[in-house]
Amino acid sequence: GNVVAMGAGFTLLFFGWSTAQNFVVPLLGDLGSISLGTMYLSATFLNFVAPYFIHVLGNERITMFAGSIGFCLYLWSLVYTTYPSVIAGSVCIGFGAALLWTAQGVY
């Protein structure tokens with residue numbers, strides 16, 4: 001039950017994210033590269049505080065849902081491709097990835 005639900009959720013989430021990630025640099029050029037770098041850098045550092053947020057939220061399922069919202073916010077930031085919106089979206093997805101993967105490991 002839990003494995004199937006989590007697998008389906010991850011499949012849908014990363015279907016959209018992987019597609020967008022493959023097109024960010026070709027379509028946005030330098031902004032796309034900066035965006036992906038910002039995302040991975042923020043995910044790296046935010047992984048250190050992700051366990052605290054899992055504890056605060058009190059439930060791994062809620063934390064995974066909250067983390068997936070970061071992915072959606074990043075994809076939304078690509079609709080209005082201004083430098084501030086894309087960089088803010090990159091930080092959101094970095095934080096979301098840290099929450100999602102840390103909570104998934106606990107779940």
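The largest pocket of this predicted model is lined by N2, A5, M6, G9, F10, L13, R61, M64, F65, S68, L100 and Y107. A pocket is an open set of points on a 1 Å grid over the protein atoms alone, where a 1.4 Å probe fits, with protein on both sides within 12 Å along at least five of seven lines; lining residues have an atom within 4 Å of a point. Residues are numbered from 1 along each chain as its sequence is written. Local features need pLDDT of at least 70 and side-chain atom pairs count only at pLDDT 80 or more, while totals for chains, interfaces and linings use all residues; side-chain values use heavy atoms, without hydrogens and water.

**The largest pocket**
- The space in the largest pocket is about 250 Å³, a volume being the space filled by probe spheres set on the points, which are joined across faces, edges and corners.
- Its lining comprises 8 nonpolar residues, 3 polar and 1 charged; Ala, Val, Leu, Ile, Met, Phe, Trp, Tyr, Cys and Pro count as nonpolar, Asp, Glu, Lys and Arg as charged, and the others, Gly among them, as polar.

**Helices at the pocket**
- At least two lining residues come from each of α1 (2-28) and α4 (60-77), helices being DSSP runs of H or I with at least four residues, numbered from the N terminus.
- With 6 residues, α1 gives the most to this lining.

**Cysteines**
- The structure holds 0 disulfides (pairs of cysteine sulfur atoms within 2.5 Å).
- C72 is in no disulfide, and its nearest cysteine sulfur, that of C92, is 11 Å away.
- C72 is partly exposed at a relative accessible area of 47%, the term covering values between buried (under 20%) and exposed (over 50%), with a 1.4 Å probe and protein chains only.
- C92 is also partly exposed, at 30% relative accessibility.
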